[in-house]
Amino acid sequence: MITVDHSAALLEVRGLRKSFAGVKALQGVDLVVRPGEVHCVLGQNGAGKSTLIKTLSGAYQPDSGEIFWQGEPVTIGGPVAALELGIATMYQELDVVDGLTIAENVFLGHEQATGGVLHVASANARTQQILARLGHSEISPRTEVGQLSAANKQIVSMARALSRDTKLIIMDEPSAVLDSQEVENLFRVVAELTEQGIAVVYISHRLAEIRRIGDRITVIKDGKTTASGLSVADTPTPHLIRLMTGREVANVFPQSTPLPTDAPIVLRCDALGVRGVFRNVSLEVRAGEIVGLAGLVGSGRSEILEAIYGARRSTSGTVTVNGTVLRPGSVDAAVSAGIGLSPEERKSQGLILDEPIFKNVTLSSFARFARGGFLREGAERDAARQQIEALELRPPDPNLTTRSLSGGNQQKILLARWLVHGTTVLLLDEPTRGVDVGARAEIYALIRRLAEAGTAIIVVSSEIDEVLGLADRVLVISDGDVLTTTNSTDIDEPGVLDLVMRGSAA
Amino acid sequence: VVGLITGCTAGTATNTQPTNASVEGNEAQGDTIVIGYSGPAADHGWLGAINNAAIAEADKYDDIDLRVAEGTNDANLQISQVEGFINDGVDAIVLLPTDGAALTQVAIRAMEAGIPVINVDREFSSTFAARATILGDNYGMGVSAGTYICEELSDNPDAVVAEIAGIDSLPLTQERSAGFEQALGDCGLSVTNRVSADFTVAGGEATTSQLLAAAPQIDALWNHDDDQGIGVLAAIDAAGRDEFIMVGGAGSANAMRLIQAGDSVMKATVVYPSTQAADGIRLARLLVQNKAMSDLVEVEIPNRIVLNAPVVTSENVDKYLPTAFES
Amino acid sequence: MSEQITQPAPPTPVTPDTRPGIVKRMLAGSAGRNLGLVIAFALLIVVGILTAGDRFASFDNFVTIIRFASIVGVVCVGMTFVITAGGIDLSVGSVVGLSSVVASLTAVQLASAQSSWLLIVVVALLVGTLAGFVNGVVIAYGGVVAFMATLAMLVGARGLAELISNRSTQIVNNQEFMGFFRADLLGVPILIWIFIIVAVAGWILLNRTTFGRRTVAVGGNAEASRLAGIKVKRHMVYVYMLSGLTAGIAGVMFLGRTTVGTSTHGTLLELDVIAAVVVGGTLLIGGRGTIVGSVLGILIFSTLTNVFTQNNLSTSVQNVAKGVIIVAAVLLQQRFASRGSRSK
Amino acid sequence: MSEQITQPAPPTPVTPDTRPGIVKRMLAGSAGRNLGLVIAFALLIVVGILTAGDRFASFDNFVTIIRFASIVGVVCVGMTFVITAGGIDLSVGSVVGLSSVVASLTAVQLASAQSSWLLIVVVALLVGTLAGFVNGVVIAYGGVVAFMATLAMLVGARGLAELISNRSTQIVNNQEFMGFFRADLLGVPILIWIFIIVAVAGWILLNRTTFGRRTVAVGGNAEASRLAGIKVKRHMVYVYMLSGLTAGIAGVMFLGRTTVGTSTHGTLLELDVIAAVVVGGTLLIGGRGTIVGSVLGILIFSTLTNVFTQNNLSTSVQNVAKGVIIVAAVLLQQRFASRGSRSK
Ligand SMILES: Nc1ncnc2c1ncn2[C@@H]1O[C@H](COP(=O)(O)OP(=O)(O)OP(=O)(O)O)[C@@H](O)[C@H]1O
Ligand SMILES: Nc1ncnc2c1ncn2[C@@H]1O[C@H](COP(=O)(O)OP(=O)(O)OP(=O)(O)O)[C@@H](O)[C@H]1O
Ligand SMILES: [Mg+2]
Ligand SMILES: [Mg+2]
């Protein structure tokens with residue numbers, strides 16, 4: 001461990017501990033952040049990164065441990081205290097208020113006002129400036145935040161952090177909902193901030209990003225700091241992964257096996273469209289094939305999956321599964337025909353967080369576990385346990401509340417749901433969002449294994465390299481149009497971006 | 001049915017001498033008049049009977065155009081209904097206020113606007129608010145019930161007397177209870193167990209079953225209201241109790257039939273006339289058409305009429321049953 | 001529908017030691033959740049015995065308490081489903097009144113025609129279920145927020161009941177009907193048996209069937225349930241129909257208990273029902289419901305009323321105490337529930 | 001709280017073309033949201049004129065309608081804040097009763113002592129605010145769900161009012177007090193002026209101040225608001241105090257209108273208030289509130305009652321119609337609101 005002179009450190013954390021109702025989230029975390037640096041915090045899902053930053057931002061109170069701010073010991077009693085010290089935070093869960101405008105969100109808690117009466121115009125003007133600085137002068141500060149995409153909400157969060165007089169900005173997985181273009185924007189802003197001497201604590205599961213902008217790294221494993229103050233330049237990736245996971249993770253994307261030429265077409269979309277969102281999408285997926293949809297955020301990829309699945313009523317075209325044409329707008333028909341969807345927002349669209357794991361696993365398969373309407377919980381548990389073992393879910397107990405699991409493990413539950421159901425077509429929307437390196441590799445392997453067992457799969461991801469790495473064939477989407485369909489080996493990331501740029505310019 | 005007590009001060013609403021006081025003259029059709037009628041929510045058999053009787057009475061006369069704004073327990077709403085009548089310039093208002101005092105000011109305003117107000121059942125707090133007042137005698141009801149029970153239990157100074165009141169926050173319930181206590185006190189008895197229901201059958205049933213559990217031995221029971229009495233009797237039935245006598249209130253036809261049959265605990269009921277508003281309509285018509293009451297020598301409508309609260313028992317039930325209201 | 005699992009691992013046999021673990025956990029969880037209620041209930045009984053002695057602690061009095069609870073209790077069972085599914089039903093009281101009115105009018109018709117008294121029951125249940133159906137359709141397919149839709153039904157059904165009954169009280173003279181509802185079975189009144197049957201059926205439905213599982217799922221996360229293939233809208237309609245059905249049953253019970261049908265039956269019942277269900281531990285935001293808790297909740301309220309009556313206290317004092325006790329019970333309930341889940 | 005922005009660029013002047021944009025957008029947005037209400041209101045007035053002619057369309061009748069609406073309307077303003085903040089206050093009706101009782105007792109005391117009649121007003125407002133404070137503390141700090149906490153207050157405050165008043169009706173004889181509330185100003189009764197003042201003050205508070213902005217934020221996303229440095233719990237207490245305050249004002253208005261204080265004032269007021277606020281377009285889940293909508297909502301209900309009374313229709317018919325209209329209004333309201341926001 002590198003020892004640092006207190007006076008040189010902006011923030012120093014020593015021996016921080018925090019438990020929730022039996023879960024020891026932090027059990028001795030150390031962290032030293034210097035002014036003007038980008039300090040990356042790495043760790044697997046559930047390692048305690050978010051808990052750490054929430055104690056720094058005053059959202060949680062630590063059980064024990066010391067915090068020094070510019071050399072002085074401090075207690076951060078609440079969000080206000082943190083903001084007053086000069087710590088601003090962009091939280092992992094989007095922390096904006098849908099019913100307010102962008103400007104109102106940015107100045108929430110420190111409104112532009114005299115004697116309680118708001119200065120709406122000045123708040124709007126200042127917000128406009130901040131948005132321009134973030135490269136989004138086209139967004140009006142008077143837009144209601146509820147109308148924005150997840151990516152733009154993230155930008156509002158960032159604008160809010162910038163609106164304060166800060167010395168330290170903490171960013172908890174800011175890039176998870178951003179596409180590559182937006183990530184570039186983010187990096188530019190981070191660079192500007194550090195030039196002004198503002199420190200940034202940056203959390204991400206994408207190691208490539210850390211290589212791009214990080215100065216130093218602290219690694220947390222199981223609530224403890226396992227390495228702190230590593231220099232980004234001097235630490236090779238395999239070493240980092242070992243520090244995080246305690247093992248080697250090699251070969252991130254599994255090798256694809258060539259499709260047998262007689263593989264039947266399982267899913268076919270003919271000129272599918274949803275008025276105002278996307279049009280004329282035709283595609284075929286064969287048994288055992290993985291098809292990827294690449295595109296920028298907001299290009300309509302999620303909507304295509306939803307329309308295939310019947311969660312959104314298509315206004316034109318047809319979806320055919322194994323020769324049967326599906327009734328538009330009927331999830332039930334799709335599920336019965338053997339389609340499964342793992343939705344984009346795991347928590348709000350996928351899981352019933354307060355129910356036990358096994359009930360989430362069997363949610364779509366009641367027909368299998370019920371006799372005359374009565375559920376056989378024993379059989380449900382057995383089936384869930386089987387999946388838990390096969391997918392290496394941690395901890396391996398089907399009775400645990402789903403909420404208590406890490407993001408990667410929650411993602412596995414969604415896969416388990418469709419495995420138990422026995423789908424022939426699997427639609428995966430952002431299957432690795434917020435999932436750590438180790439679990440990512442496992443999920444990739446799992447997807448490939450499913451394909452090899454004959455499942456037809458469509459994958460949507462904002463990480464273009466992920467789409468290219470996983471898929472056999474790729475559809476490039478821009479603004480609701482399919483620009484091209486190609487083998488994934490015939491195109492690379494810059495190629496996709498180039499297509500998208502030209503497509504949207506046209 | 002009713003005994004009449006004439007008031008002592010003359011009202012101010014009439015400026016000419018009434019013209020006719022014969023029965024035939026009063027029945028004869030006069031100029032068509034508009035009467036506004038407003039009463040509490042008819043969520044209860046007695047109140048329903050009051051409203052129905054008033055409407056039926058108005059229907060009998062071709063020269064009455066009755067405007068009904070019945071049905072509210074909200075003083076604010078009832079005030080605005082009366083304001084509506086004033087705006088419309090009706091000829092007379094018959095008002096059964098949800099709360100007498102609360103409606104007094106608006107009634108005064110009506111009177112000041114030259115519209116005679118007939119106050120029914122629940123009395124205003126000012127004599128200037130009504131041209132004529134027709135009241136049931138709530139205190140008298142309590143006294144009648146208490147006196148009857150005193151007579152029946154005269155030999156037993158330790159008798160257990162239970163009381164099932166109506167809605168406790170209404171002044172009329174308070175008056176009934178006060179009269180009851182007073183009359184019982186006169187013969188050395190007092191109320192041992194008191195519960196209050198809400199004038200509904202279900203409320204009567206629920207509170208009575210609780211009361212019966214709380215009082216294993218009862219000698220007499222007064223239930224304020226025959227409507228909730230159906231529930232009270234159902235609870236007594238269900239508990240299989242018959243060691244006491246029960247006295248009802250208001251005087252529904254149903255209660256009287258039970259008294260007539262004589263095979264239940266129901267031995268008597270105290271009448272609270274449900275024809276008050278109907279009488280109010282008649283008086284309003286006479287007032288506006290400048291007529292008097294035919295059976296009185298007095299040529300003007302009296303200011304204050306308090307209806308009697310007689311006790312109906314198996315001896316006199318045949319006399320009261322025909323005019324009793326169906327709940 | 002294909003039933004194979006793509007997953008290649010062989011099915012592992014159930015390890016025998018997990019079975020008792022499950023049972024233990026279930027008991028622990030449910031006891032933990034209901035412990036606060038049981039304590040409150042016990043305290044109340046102690047107060048009753050201390051203040052009213054044998055009069056309180058008699059078999060007859062307990063029968064009185066439970067019979068008093070039984071009508072409201074039946075509605076609580078339906079309401080537990082609605083609240084668990086993330087809804088609310090303010091209309092139950094009015095629907096009770098409406099179904100009692102329609103049923104009593106049927107009874108009056110029956111007096112002439114020669115049909116079975118069961119028709120009275122069937123009519124009441126149909127009326128209740130139909131009202132629930134309307135609620136459900138307006139909420140699920142009309143997208144009207146449940147509070148408002150059922151508030152509208154509260155107002156409307158009461159008005160309809162008044163119109164139909166012409167605001168008069170209908171007395172049921174059908175002797176077979178009355179005989180049935182007056183009867184005892186094994187020393188316990190029929191009304192209590194009905195309550196027991198409805199509560200047990202409700203418990204099984206909520207905890208052992210796909211219907212119950214869907215109810216919890218929809219209340220826990222409606223969008224996730226929809227994307228998992230549950231027909232959320234249709235299910236919500238069923239849930240409100242169930243609530244209407246229990247209101248219809250309560251309407252019949254009112255008829256049996258009071259011998260009359262009137263539009264005033266069930267006035268303000270909804271407040272007692274919701275209070276009992278929530279005090280019982282069903283989450284008002286949905287996703288968690290407990291029939292046992294609801295039953296305990298209504299028993300507590302009913303015992304409370306009994307203790308107050310035994311002590312000759314006025315309704316005003318009762319109301320003040322009831323307000324305090326609702327808050328205290330919810331607070332207690334939360335403490336114990338969170339401890340229960342913490343110990344998990 | 002620091003007000004500087006880290007951002008070094010010089011503040012750019014507001015571009016002039018945004019100003020009209022704001023106004024236009026505001027009008028468009030608010031008109032879009034309230035269009036359904038305005039149409040419903042207009043329809044109702046047409047029906048009134050067609051069925052009751054001049055009797056309906058007179059100045060006096062409009063004054064009657066608005067005066068009737070004004071007491072409920074004042075409470076609607078407070079309720080709009082509570083619902084916008086994601087809460088609910090079922091206790092307002094009882095608190096109106098309680099404050100009218102306490103104020104009338106004060107008036108009786110005043111009759112002997114020589115103090116200003118304003119004391120009556122102050123006492124009523126204090127009682128209301130205090131009840132709101134208790135609600136707020138139980139909800140925000142006790143963590144009791146708002147529906148239950150205010151349900152408890154509904155029951156408890158009514159009981160307390162009965163106890164304090166000993167269930168009797170207190171008549172206020174203070175001439176100055178009565179004189180003030182009886183007076184007209186510019187031909188418009190004082191009660192209506194009070195309503196106007198409260199509504200305008202409420203509009204400013206909700207739309208133009210930090211307090212209002214935070215109320216929306218807390219209702220929209222309480223956790224995000226907390227993380228942004230808003231003291232959410234304290235704010236919720238303030239919001240419930242505000243609701244209690246308006247209930248206190250309504251208590252005084254009842255006193256002025258009826259001359260009496262009684263525990264029955266305000267019975268079931270909460271249902272009308274909540275219905276008006278939600279029909280007006282305030283979201284029951286919080287995060288969006290509109291004072292203009294609430295005022296329109298209560299005017300619609302009050303006009304409805306007037307039209308029914310003018311046409312001699314019974315309350316039963318009124319209730320059935322009211323139920324249907326609530327559903328229709330919410331549906332209409334949703335159509336227009338969603339079209340409004342889509343067109344943005
Ligand atoms: N509010 C909470 N209540 C209970 N347990 C919690 C809570 N918040 C976090 N935990 C637990 O604490 C541990 C650390 O969680 P945390 O969110 O800090 O992980 P993380 O490193 O941010 O993971 P991810 O990469 O998935 O965001 C996990 O086991 C999590 O389940
Ligand atoms: N609820 C909605 N209402 C109206 N338009 C919407 C809604 N949701 C999405 N859209 C629009 O549909 C288009 C595609 O949306 P979406 O962001 O889901 O696409 P995506 O390619 O899946 O991107 P992401 O990476 O965010 O999932 C965008 O133009 C978006 O603004
Ligand atoms: Mg995290
Ligand atoms: Mg998407």
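Predicted model: local features only at pLDDT ≥ 70, side-chain atom pairs only at ≥ 80, totals over all residues.

Modeller: Searching the whole structure turns up 1 disulfide over all chains. A disulfide, in case the word is new to you, is a covalent bond between the sulfur atoms of two cysteines. The partners here are Cys150(B) and Cys187(B), with their sulfur atoms 1.9 Å apart. Cys150(B) belongs to helix α5 (residues 138-152) of chain B, while Cys187(B) is in the loop between α6 (171-186) and β7 (191-196) of chain B, so the bond ties together parts that are 37 residues apart in sequence. The disulfide is left-handed, because the torsion about the S-S bond of Cys150(B) and Cys187(B) is about -70°. Cys150(B) is buried at 9% relative accessibility, whereas Cys187(B) is partly exposed at 35%.

Now for the rings. The count of aromatic pairs over all chains is 19. One of them joins Phe180(D) and Phe181(D): the ring centres are 5.1 Å apart and the planes stand at 90°, so this pair is edge-to-face. Phe180(D) is partly exposed, with 34% relative accessibility, but Phe181(D) is buried, with 8%. In chain C, one aromatic cluster is made up of Trp117(C), Phe177(C), Phe180(C) and Phe181(C). Rings can also have a charge over them: Lys322(C) lies over the face of Phe301(C), 5.7 Å from the ring centre, and Lys322(D) lies over the face of Phe301(D), at 5.6 Å.

Definitions and conventions
Residues numbered from 1 in each chain as written. Chains lettered and ligands numbered in written order. Heavy atoms only, no water. Phe/Tyr/Trp six-rings, centres within 6.5 Å; stacked < 30°, edge-to-face > 60°. Buried < 20%, exposed > 50% of the residue type's maximum accessible area, 1.4 Å probe, protein only. Lys NZ or Arg CZ within 6 Å of the ring centre and 35° of its normal. Disulfide = S-S within 2.5 Å. Helix = DSSP H or I, 4+ residues; strand = E, 2+ residues; numbered from the N terminus.
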